[in-house]
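Here's a quick tour of a two-chain model, with the cut-offs spelled out along the way. Have a look at it first.

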Amino acid sequence: MRIRWRKALSHLVVLLCGAAVLVALVPLALILFYVVTQGLTSLNLDFFTHMPTPVGETGGGMANSIVGSLMVISIGAIFALPIGIISGVYASEYKGTRFASVTRFAADTLNGVPSIVIGVFVYGVAVLPFRQFSAVAGGVALGIMMIPLIMRTTEELLLLVPLSLKEGALALGATRARAVFTVVLPAALPGIVTGVLLSLARIAGETAPLLFTAFNNRYFSTSLTQPVSTLTVQVYTYSIAPYQDWHRQAWAGALVLVMMVLTCSLLARIATARLERLHRGG
Amino acid sequence: MPRRLIAARPDEVAFRIGTGVFALLLIAIVLGIGIELTRESMLSIKEFGLSFWFNDKWDPVLGEFGAKAFIWGTLYSSILALAISTPIALGIAIFISELAPAWARRPLVFVTELLAAIPSIVYGLWGIFVLVPFVRSLELATPAWMKAIPLFSGPPLGVGMLSAALVLSIMIIPFTSSVAREVLRAVPQAQREGAYALGATRWEAIRMALFYARTGIVGAVMLGFGRALGETMAVTMVIGNNPQISWSLYAPQYSMAAVLANEFAEAANDLYLHALVEIGLVLFIITLVINVLSRILIWSMGRQPKPRPVRTVAIAAAERA
């Protein structure tokens, strides 16, 4: 009758694995439930159009933080895109070389560096020398976090482009630069866009690297060299403060953040959907 | 050597150098982090030397800095989180790669990876207002005989090691499970078929696959560990921020990342700042070692990518990153 016992054990394990999925879904559902219910009841037009009110006064919004977040994220993207994409081009074009392996290793290493450590680093190179927290410093910190992701997706997707495309361009007399930037890179573009959007989704919710780079600002600021408020840091400040109305706004901010992140990752999936259909059909 | 010939063309050289500069920049950033963190923590390294790591007193007012309590908090919370999340993450990976019907796989992957998409600050906010009160009610309900055990001693504050470990474990589940899933995918189908042919039950066949994939699975768990060590916001918001060394799950404690988040912008003098940067330096080194080890383990699985749709490659590359 050992077989019966073995079968029972097998069923038990299958059951436990299914249970593991459910166990993970419970916190996910709870988090989304609270963010949506608490966020929706707190979210209003004021949140997007008004400035924070002084302590003790209710109402107001996070207009300055929303603008600040967009600013810092854009600076990050501007900083990260060329480095990420072109180093990805290098790694795929010269994939057998030692320098390409070192680059790949550096990207993977950078990826594992905790975001707070990147904040400390940027504080040292972009805040301390100028004695000034700034939007640029915050952007650079986020940009550093984006680079490895963009680099790795660019590299992997360039390698997927059929070699014959590049060879065709070269045979027609194009230089390598021309072949790569006008033929190979455009062919891989949707995939690279996916990578960029996913990296945006990842940094849009980052708080730790902004705490002492972009810092915070009670006022509306679009200056690149001044400290700037961001949604994430503002949600943090509000959530650990002892005021009911600030907690309400923190939930509203969390909802906006989750929406931003989900939109980015949804767009990322759409960006390659067409290409994937082509590949499947072809 | 035709390659040499091509490389000699001036436009070819220009292309290689032009793109190489950007690759060099990427490498320079990583080296720069190590150098800058060392440079900015020199004062503290010189002043305290190794005793920095074995002193549990952290008193910025008196200028006495020891990091032992923070290291303890980081390691303790991460190990607890690993203990909770590993069985769940592996269960999910097994369920998705071995058990679930084909149509259910994609939605399941999507849903579990939603966990990774939620920002850390949102976990923290949820932690403060939902999880901590729940944990406090658990702690209040602790029977007296349990409170006698050091693990459950102390006042029921809600904030503390238990809340931190719970939040962390939820946060690292998607990382461990997605890598474990990839690793299980790399197990040749023949392994499972062989097991079934010999009369194995489902679980016995899965066990074969797990055994085959063991190095990669250890790598996946370590990758989750690396994430847990560096996690900042959610932990800062629920761990209690009290530099003490205690086995108690109920005790408010502190972590390396949390002390950076809380005190860095307020560091009043150079020694204080350098002591904080030194904590960052060590966090950098620890996570570096863990990540490199886990990647070596995962690579050693010899993941030979099968032809896959572009979208999967793009998303997988991004997620691995």
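How many residues of helix H13 (residues 256-263) of chain B are buried? Eight of its eight, so to speak a mostly covered helix. Buried here means under 20% relative accessible area, with exposed over 50% and partly exposed in between (1.4 Å probe, protein chains only). Among the buried residues of H13(B) are Met256(B), Val259(B), Leu260(B), Asn262(B) and Glu263(B). Helices (H or I, at least four residues) and strands (E, at least two) are DSSP runs, numbered from the N terminus.

Some housekeeping: this is a predicted model, where local features need pLDDT of at least 70 and side-chain atom pairs count only at pLDDT 80 or more, while totals for chains, interfaces and linings use all residues. Residues are numbered from 1 along each chain as its sequence is written, chains are lettered from A and ligands numbered from 1 in the order in which they are written, and side-chain values use heavy atoms, leaving out hydrogens and water.

**Where the chains meet**

The contact (heavy atoms within 4.5 Å) takes 94 residues from chain A and 88 residues from chain B. About 7,900 Å² is buried between the two chains, 80% of it on carbon and sulfur atoms; buried area is the accessible area (1.4 Å probe) that two parts lose on being put together, summed over both.

Two salt bridges turn up across the interface, the rule being a side-chain nitrogen of Lys or Arg within 4 Å of a carboxyl oxygen of Asp or Glu. Arg176(A) makes a salt bridge with Glu12(B), with the closest N and O atoms 2.7 Å apart. On the chain A side, H1(A) gives the largest share of what touches chain B, at 20 residues.

**Aromatic pairs**

Over all chains there are 27 aromatic pairs. Rings of Phe, Tyr and Trp (its six-membered ring) pair if their centres lie within 6.5 Å; planes under 30 degrees apart count as stacked, over 60 as edge-to-face and the rest as tilted. Here are two edge-to-face ones:

| Pair | Centre to centre | Angle between planes |
|---|---|---|
| Trp58(B) and Phe70(B) | 4.9 Å | 90° |
| Phe152(B) and Tyr250(B) | 6.0 Å | 70° |

Trp58(B) sits in strand S1 (residues 58-59) and Phe70(B) in helix H4 (residues 68-99) of chain B, so their pair ties together parts 12 residues apart in sequence. Both Trp58(B) and Phe70(B) are buried. Phe152(B) and Tyr250(B) link distant parts of the chain, 98 residues apart. Phe152(B) counts as buried at 19% relative accessibility, and Tyr250(B) does at 5%.
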